[in-house]
Amino acid sequence: MFVKRTIERVRNSIWLYPVLYGTLSLCLALVLATVDSRGGVPLGGYALFYTTPELAQTVLSIVAGAFITTAIFTFSTTMVVLTMYSSQFTPRVVENFLDNRTTMKSFGLFLGGFVYAVTSLMFMDAGRQNVRVLAAGAGVLYSIAGLIYFLVFIHNVSMFIQVDNLILRLHRQALEEIERYRTFVERCRAVPSSVAQERLRRTRALSVPGLADGFIQEIDRSRLEEIVEEHSLNVCIRKLVGQPVSRDTEILTLHSGQDEDLEDDLVERIRSCVRIGNKRTQSQDFGFAIQKIVEIALKALSPGINDPNTAVHCLKFIGLSLREVAGLREGYLVPEDMEGDECLFFRAHDLSGLLFGAYHQIVLYGKGDVTIAMEVLRSLRSIKTGASESGVRTVEEYAAYLFEKWTACKYDELEMDRLREAYRDLLS
């Protein structure tokens, strides 16, 4: 878990590509400086890449100035986009732009080009006569690559600042995590909460709190299964990925049929399988991507922006995302291959909780616009099409709750007729 966490931290660092490209550029400059100091290497028909040291200095100076200027422009553009993301959409989507590899690769390439040009200039001996060097030719090729990446960066930014594209990307990220969750659910059998609690009451229980304050970022399910089978334990995971916890919050319960106390190192091994961090991540947490779409809708409904059509667009994708979850099992999930004394219970996502988290704030802040209410019902209808029998009842009960709230609003008769029509369409 520690190694995996370190690798993810390095991969998600905004300095990964600038440091990587800068290091590679420095190595390239040193290699070419060594080659040039020994008189160069014949390249046959490609000898046109060789230049005199004086011309090389001029070319490398231009390359260095161009790269540092482009890097400053890229950095400034990135800051403008991040500010717009935070103010127009939600601060939670800032990391989506920073996590984009094209953005960081472009910035790294520009800084690497500057490092290459400056380093090559430092090792350039302009006083040498009757020699040809390769450093300037490589710098020109590097500049062409930088120009291509600059065009890709501009195209990438122009696509990222469009709210429709942002919502679509968040929807796809949610679907990816939902598919991983679906794969896990399909290899488990569902156990009602009452049945799971009754079985666990028969054994001695040890409540295990979290290691730190923050959010549950990931649960190492495969490692937990190995530990449970090895020591013949019953382990119940009480929390879901993405939920906030503290040092006093019970995150799991250990149940053992043996009279002796469980060893401390075994408890720590099990507790370390639940990764806790200071912020939510999208790994194993499809609800976080859906929450970002909800926040974009709330920002669009604010009086300062007043863009209800964006909120309508968000509601459409919220319904499409939750439709993929509505048919999955609820209660507690137990891996199919676990039988006998050992058992591992994972808490499953509850559809009613997902519906409340996705729609409650939108309903609260958009209740003055009947089109938002109608779109909420259409979104719930979309969820209903993929729901199980119990999920259909949950959706209809939540829709009835919302419709009762809307009837208390001061809509005129035409608006109420449209709202009733949308409600009947959901129930049909």
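This passage describes the overall build of a predicted model and then turns to some of its rings, helices, loops and cysteines.

The protein chain has 428 residues, and 45% of them count as buried. Among contacts between residues at least 6 apart in sequence, 80% join residues at least 24 apart.

The model contains twelve aromatic pairs. One of them is formed by Tyr17 and Tyr21, whose ring centres are 6.2 Å apart; their planes meet at 65°, which is over the 60 degrees required, so the pair is edge-to-face. Both tyrosines belong to helix H2 (residues 16-37), where they are four residues apart, or about one turn of the helix. Tyr17 and Tyr21 are both buried.

A second pair brings together two helices. The ring centres of Tyr116 and Tyr142 are 5.9 Å apart and their planes stand at 35°, so this pair is tilted. Tyr116 is part of helix H5 (residues 101-123), whereas Tyr142 is part of helix H6 (residues 135-160), so the pair ties together parts that are 26 residues apart in sequence. Here, too, both residues are buried. With Phe67, Tyr116 and Tyr142 make up one aromatic cluster.

The charged end of Arg169 sits over the ring of Phe160, at 3.7 Å from the ring centre. In another example, Arg221 lies over the face of Phe184, 4.1 Å from the centre of that ring.

Helix H12 (residues 308-323) gives a chance to check a simple piece of geometry. With 1.5 Å for each residue, its 16 residues should span 22 Å, and the C-alpha atoms at its ends are 23 Å apart, which agrees. The buried residues of H12 are Thr310, Ala311, Cys314, Leu315, Phe317, Ile318, Gly319, Ser321 and Leu322. What covers these residues? The cover includes helix H7 (163-186), helix H11 (286-301), helix H13 (351-365) and helix H14 (370-385). For Cys314, the relative accessibility is 0%, so this residue counts as buried.

His349 is found in the loop between strand E9 (343-347) and H13. Its relative accessible area is 12%, and because buried means under 20%, His349 is buried. Leaving aside residues up to four places away in sequence, His349 touches Tyr181, Leu240, Phe286, Arg329, Glu330 and Leu354. Asp248, in turn, is found in the loop between strand E5 (244-245) and strand E6 (250-256). At 74% relative accessibility, Asp248 counts as exposed. Asp248 and Pro209 are 39 residues apart in sequence, yet their C-alpha atoms are 5.6 Å apart in space.

Most residues other than glycine have a negative phi. Gln284 is not a glycine, but it has a positive phi of about 65°. This residue is placed in the loop between strand E7 (274-277) and H11. Asn306, which is not a glycine either, has a positive phi of about 55°. Its place is in the loop between H11 and H12. Asn306 is exposed, as its relative accessible area is 56%.

The cysteines complete the picture. A disulfide is a covalent bond between the sulfur atoms of two cysteines. How many disulfides does the structure hold? The count is zero. Cys236, for example, is in no disulfide, and the nearest cysteine sulfur, that of Cys343, is 9.6 Å away. The sulfur atoms of a disulfide would have to be within 2.5 Å. Cys236 has a relative accessibility of 0% and therefore counts as buried.

Methods: Residues numbered from 1 in each chain as written. Predicted model: local features only at pLDDT ≥ 70, side-chain atom pairs only at ≥ 80, totals over all residues. Heavy atoms only, no water. Phe/Tyr/Trp six-rings, centres within 6.5 Å; stacked < 30°, edge-to-face > 60°. Buried < 20%, exposed > 50% of the residue type's maximum accessible area, 1.4 Å probe, protein only. Lys NZ or Arg CZ within 6 Å of the ring centre and 35° of its normal. Expected span 1.5 Å × (residues − 1). Contact = heavy atoms within 4.5 Å.
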